[in-house]
Amino acid sequence: MILTPGIIARLAVLGSIAAVAEVVCFSKMDVFGTSPDVVLLVVFSLGVLGGSLTGAVVGFSVGLLMDCLLLETLGGFALTLLSVGYVAGRYRETVGRPTRGAVALLGGSLTLLGALVIAAIQIGTGVEANVSFLVVRDALVKSVIGAGLAIPVLLLVRLVVRSALVDERRGAQRRPTAPRPVEP
Amino acid sequence: MYRKQVRRRRAVLLLLVAASLTLLSVYYREGNAGPLHGAENVVSTVFAPIQDVSNRALKPARDLVNWFHETFDARGDKAKLEDQVATLRDQLAREQTQQQETKELSALNELTSGGIVPNGTTPVTARVVGRSPTVWYSTVTLDKGSSDGLRVDDPVVAAQGLAGKVTQTTPNTAQVTLITDADSAVTARVTPSGATGVVEPNVGNPNDLQLDFLERGAQIAQGQMVVTAGFSTGDLGSIFPPGIPIGKITTATVEEQQAYQRVHLSPFADLRNMDFVKVLTTHSGSNSK
């Protein structure tokens, strides 16, 4: 990803909108007893499109904003989304551009990773109450929803940052021009 | 060139992880007046109007998704509700007979208790504008804050019963920790048996709460109501006024009561879908309702 000031501003706006929409809208939706984690998928998409460094930095920043919006312990969501962005970026750098199936699988797996990191932070900071097995169900359902939403979210994010993508530029340069009709 | 890139990538990753862990650690150690809490409050205050506007604008989209879920649920609930209607019809007949007696008792009760809103508190109506997306942090954000008279530890009630308490405030927003949060504990009393205990969550299951630390031999049965105890001993006192409905006993097996001194209840308040709550403030703000 080519990071110009314009693209950085675009990423900042995209991250802020995703964080606000997650807090005020997606987290209040009830889909099979849980809510879709769209902000995580936005960070995942940016990791896949921009690489590990972009994914990690965007994940950290969006996570920090989420912590502030929810008045939660600073660093919790930041660490979670930083991990997701970094792993998604590393996949792209080591394996290459993922296929649609791989995007869905990665989206689901990283949603599960996000749930695990949050759980680890909570357990690490001490949970005195009983923990229900429904936590596991919640994480699994969330990851299935994540797998289903990964492709549409990636396509949407790609639209926003399209001009900064190296692949898209190369593709545009290679695209053959339509042959002109031969004049009689 | 490649090695330089790898080194840079690793350095940035380490820096960000270290920053996250430092933030977590410092945030836990510092008090509510610490610089990190202050910075968080500033960001939250700046985004509060955006959250409020977005919340209203996105409500139709949210309602559409929830409509599908509720339709599925409603199909399953139909048979259950028909049974309940039959039972309630029988109960109504009995209740009407007892009504006359109850009226007299209620008049007596009103003399001794002033309802669930204690004297000196002002209920402030607030809109729920944000919700934590994980089951681990069972918190919501309100569109009212310290400038409306909200203070930390103020009790929060939803339409059907107790919702939680205020745990953080900014001038325009407040964080409410729900009774389903891992950190929540509320002293409660079972009615009519009078047994007391502490209501604690079952993290991950918002429809199940536990009433722990019950005295052995307490007579508790399924269907009994649990309300806040609101005890006070000397300088110590519960932040929740007595008599706020919390939930209904769902499982009260003798074995669990004997072994763990515990029963299960489901909360009255629909904590996942509430849009408005009332905060029982003790300090009235400039525009409290």
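Predicted model: local features only at pLDDT ≥ 70, side-chain atom pairs only at ≥ 80, totals over all residues.
How many residues does helix H1 of chain B have, and what does it reach from its first C-alpha to its last?

1. H1(B), residues 2-29, has 28 residues and reaches 41 Å from its first C-alpha to its last. That is close to the 40 Å expected at 1.5 Å a residue.

2. Next, look at what H1(B) packs against. Its buried residues are B:Leu13, B:Leu16, B:Ser20, B:Leu23 and B:Leu24. These buried residues pack against H3 and H4 of chain A, together with helix H2 (35-57) of chain B. As background, an α-helix has 3.6 residues a turn, so residues three or four places apart point the same way.

3. Now for the meeting of the two chains. In total, 45 residues of chain A are in contact with 49 residues of chain B. On the chain A side, the elements giving two or more residues include helix H1 (5-24), helix H3 (52-70), helix H4 (76-95) and strand S1 (130-131). H3(A) provides the largest share of that side, with nine residues. By kind, the residues on the chain A side divide into 28 nonpolar, ten polar and seven charged.

4. There is strand pairing between the chains too. S1(A) and strand S7 of chain B, residues 196-203, pair in the parallel sense over two bridges. Within this pairing, A:Asn130 has B:Asn202 in S7(B) as its bridge partner.

5. The largest nonpolar core holds 112 residues, and A:Val43 and B:Ala163 are the ones that touch the most other members. Its largest share, twelve residues, comes from H3(A). Beyond its neighbours within four places in sequence, B:Ala163 is in contact with residues including B:Val156, B:Val176, B:Leu178, B:Leu271 and B:Met274.

6. Strand S5 of chain B, residues 174-178, is worth a visit. Five of its five residues are buried, so the strand is largely enclosed by the rest of the structure. B:Ala174, B:Val176 and B:Leu178 point one way from S5(B), while B:Gln175 and B:Thr177 point the other way.

7. Finally, which strands pair with S5(B)? Strand S2 of chain B, residues 139-142, runs antiparallel to S5(B) and is joined to it by four bridges; here B:Leu142 stands opposite B:Ala174. Strand S4 of chain B, residues 162-169, also pairs with S5(B) in the antiparallel sense, over five bridges. In that pairing B:Val166 has B:Val176 as its bridge partner, and S4(B) and S5(B) form a hairpin with four residues between them.

Key: Residues numbered from 1 in each chain as written. Chains lettered and ligands numbered in written order. Contact = placed C-beta atoms within 7 Å. Nonpolar A, V, L, I, M, F, W, Y, C, P; charged D, E, K, R; others polar. Pairing = 2+ DSSP bridges. Core = buried A, V, L, I, M, F, W, Y, C linked by C-beta atoms within 7 Å. Buried ≥ 20, exposed ≤ 12 C-beta atoms within 10 Å, placed from the backbone. Expected span 1.5 Å × (residues − 1).
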